[in-house]
Amino acid sequence: MLMAHPVVLSKLVEEYEALSVLHAEDGSPEVRRRMEDLAYTLCVSTGTRDVDTALIAARHRLPGARPEDDSVLTA
């Protein structure tokens with residue numbers, strides 16, 4: 001599996017989180033579509049199938065993550 005660069009993962013996570021806040025306030029179709037696109041990209045980039053797991057996996061691969069602690073990831 002190809003692994004996304006940590007900088008790319010960081011930007012994806014940041015944008016998804018920012019849009020989550022915006023979606024909670026606005027809920028527009030454009031924001032929802034962009035969140036769906038980001039969720040898909042995060043899943044592909046992390047080899048996962050749902051956005052929550054993708055966000056955990058992405059954060060796990062970011063600089064400063066504790067690589068020895070993989071208790072939140074499934075085998």
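**View 1. P63, at 71% relative accessibility, counts as exposed.** Exposed here is over 50% relative accessible area, buried is under 20%, and partly exposed is whatever falls in between, all with a 1.4 Å probe and protein chains only. P63 sits in the segment after α3. Follow the chain back 56 residues and you get to V7, whose C-alpha atom is 9.0 Å from that of P63. A quick note on what you're looking at: this is a predicted model, where local features need pLDDT of at least 70 and side-chain atom pairs count only at pLDDT 80 or more, while totals for chains, interfaces and linings use all residues. Numbering starts from 1 along each chain as its sequence is written, and side-chain values use heavy atoms, with hydrogens and water left out.

**View 2. The whole chain, from the N terminus on, reads α-α-α.** That's three helices and zero strands for the protein chain. Both kinds of element are DSSP runs numbered from the N terminus: helices are H or I with at least four residues, strands are E with at least two. Of the 75 residues in the protein chain, 28% count as buried. Looking at contacts with a separation of 6 or more, 40% of them in the protein chain come from residues 24 or more positions apart. A contact, by the way, is heavy atoms within 4.5 Å.

**View 3. Here α1 packs against α2 at an angle of about 150°, with 10 Å between their axes.** That angle makes α1 roughly antiparallel to α2. The cut-offs: under 35 degrees is roughly parallel, over 145 roughly antiparallel, 65 to 115 roughly perpendicular, and the rest oblique. The axes themselves are lines fitted to C-alpha atoms, for helices over the stretch in contact, and angles between N-to-C directions run from 0 to 180 degrees. α1 and α2 make a left-handed crossing, meaning the near helix is turned anticlockwise from the far one by less than a right angle (clockwise would be right-handed). On the α1 side the contact includes L9, L12, V13, Y16 and L19, and on the α2 side V31, M35, L38, A39 and L42 are among the partners. By class, the α1 and α2 contact has 11 nonpolar, five polar and three charged residues. For that tally Ala, Val, Leu, Ile, Met, Phe, Trp, Tyr, Cys and Pro are nonpolar, Asp, Glu, Lys and Arg are charged, and the others, Gly among them, are polar.

**View 4. Next up, α1 (residues 6-25) meets α3 (residues 51-61) at about 135°, axes 9 Å apart.** The two helices are therefore oblique to each other. As with the previous pair, α1 passes α3 in a left-handed crossing. P6, L9, V13, Y16 and E17 come from α1, while α3 brings V51, L55, A58, R59 and R61. Sorted by class, the contact of α1 with α3 has seven nonpolar, no polar and three charged residues.

**View 5. Zooming in on A54, a residue of helix α3.** A54 counts as buried, since its relative accessibility is 0%. Skipping neighbours within four places in sequence, A54 is in contact with L42, C43, T46 and T48.

View 6. Side chains of opposite charge can pair when their charged atoms come close. The rule used is a side-chain nitrogen of Lys or Arg within 4 Å of a carboxyl oxygen of Asp or Glu. E15 and R34 form one of them, at 2.9 Å from N to O. E15 belongs to α1 and R34 to α2 (residues 29-46), so this pair ties together parts 19 residues apart in sequence. E15, at 31% relative accessibility, counts as partly exposed, and so does R34 at 35%.

**View 7. R59 and E17 form a salt bridge too, with the closest N and O atoms 2.3 Å apart.** This pair links distant parts of the chain, R59 being in α3 and E17 in α1, 42 residues apart. R59 counts as partly exposed at 38% relative accessibility, and E17 gets that label at 33%.

**View 8. E36 and R32 make a salt bridge in which the closest N and O atoms lie 3.8 Å apart.** Both residues lie in helix α2, four residues apart, or about one turn of the helix. E36 is partly exposed at 46% relative accessibility, and R32 is partly exposed at 39%.
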